[in-house]
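Hello,

Here is the structure I promised to pass on. Please have a look, then read my notes below.

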Amino acid sequence: HIAGAQLAKDLETHLKTYAGDVVDIKNDYVTHISKTDTGFSITTSSGTYESKTVLIATGSHRRKLDIPGADTYDHRGVTYCASCDGPFFTGQDVAVIGGGNAAFESVAQLLAYAKSVTLLNRSDTFRADELTVAKLRQHPNFTIVTNAVPVEIIGEKLATGIIYEDKLTKEKITLNTPGIFVEIGAIPTTEFAKDVVALNPQGYVPVDPRTQQTSTEGIWAAGDCTDGLYHQNNIASGDAVKALEDIYLYLKAK
């Protein structure tokens, strides 16, 4: 029942109360990290900081649906989180856009609430694993539409549907639905670190899962910006605790 923004504020308040003047929170955007003789130089939107170690915990951001109406009806029918918003569409016909594991996981969650779920995939193949696809295909309230290219989100005060184009026939089809769940991937927030740590082809930071250490000595990473298999808030918190334990030992040993 606690809103995400309020939970984040409560965590910040708790940290400040517990840490006192030991922790200094700066609301800056990090633009670059570079190696120095004594550690690292962190350039932000308002200044530069020197540090012996760095913990990168900048997360990722959802890849947005870039079609007319997607911004207009964002949070008014267009959503990027099935676990957050699925219950709002209980008993209704909803759509999921995507073809990877995240899309099919969203379908599985939504089938617990929705009257029906239609998945729109741009091609006739899926990035999701075959077992997951085969299992969900058996559900009577689930429909897959392949070669479906989203064209426009339509609505009034709230979204009422999505128009997609059949890639083979070029026919434009309207799917009436109040809920469009977008699962077309995430973009890790790591551009600022590309010159100082190794990134995988998708831009995530590879880490040692035992310690969260990156390819660069003195830099750790935690949460959704890493190449970890699962990305959730509680997992990110655990990653950060592991990293901080290791950072403490690293600083004490040097």
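The notes below go through the cores, a hairpin, a surface patch and one glycine.

Please keep in mind that this is a predicted model.

The largest nonpolar core has 17 residues. V96, V107, V117 and F142 have the most contacts inside it. Two or more residues each come from strand 7 (93–97), helix 3 (101–110), strand 8 (116–120) and helix 4 (130–137). Helix 3 gives the most to this core: four residues. Take V107 as an example. Beyond its neighbours within four places in sequence, V107 is in contact with V96, V117, L119, L136 and F142. As background, nonpolar side chains tend to be buried together in soluble globular proteins.

Next, the hairpin. Strand 2 (residues 40–44) pairs with strand 3 (residues 48–51) in the antiparallel sense, over four bridges. Three residues join the two strands. I42 has Y49 in strand 3 as its bridge partner.

Now the surface. L15, V22, V23 and I25 make a nonpolar patch of about 320 Å². V23 sits in the loop between helix 1 (4–19) and strand 1 (30–35). V23 counts as partly exposed because its relative accessibility is 36%, between the 20% and 50% cut-offs.

Last, G238. This residue lies in helix 5 (residues 233–253). G238 is partly exposed too, with a relative accessible area of 33%. In sequence, G238 and D10 are 228 residues apart. In space, C-alpha to C-alpha, G238 and D10 are 18 Å apart.

Best wishes

How values were computed
Residues are numbered from 1 along each chain as its sequence is written. This is a predicted model: local features need pLDDT of at least 70, side-chain atom pairs count only at pLDDT 80 or more; totals for chains, interfaces and linings use all residues. Side-chain values use heavy atoms; hydrogens and water are left out. Patches are made of residues with over 30% relative accessible area and no salt bridge: like charges are joined within 9 Å, nonpolar side chains (Val, Leu, Ile, Met, Phe, Trp, Tyr) within 5 Å. Accessible areas come from the Shrake-Rupley method with a 1.4 Å probe; for residues, only the protein chains shown count as cover. A salt bridge is a side-chain nitrogen of Lys or Arg within 4 Å of a carboxyl oxygen of Asp or Glu. Buried means under 20% relative accessible area, exposed over 50%, partly exposed in between (1.4 Å probe, protein chains only). Two strands pair if DSSP finds at least two bridges between them. A nonpolar core is a set of buried Ala, Val, Leu, Ile, Met, Phe, Trp, Tyr and Cys residues joined through side-chain atoms within 4.5 Å. Contact means heavy atoms within 4.5 Å.
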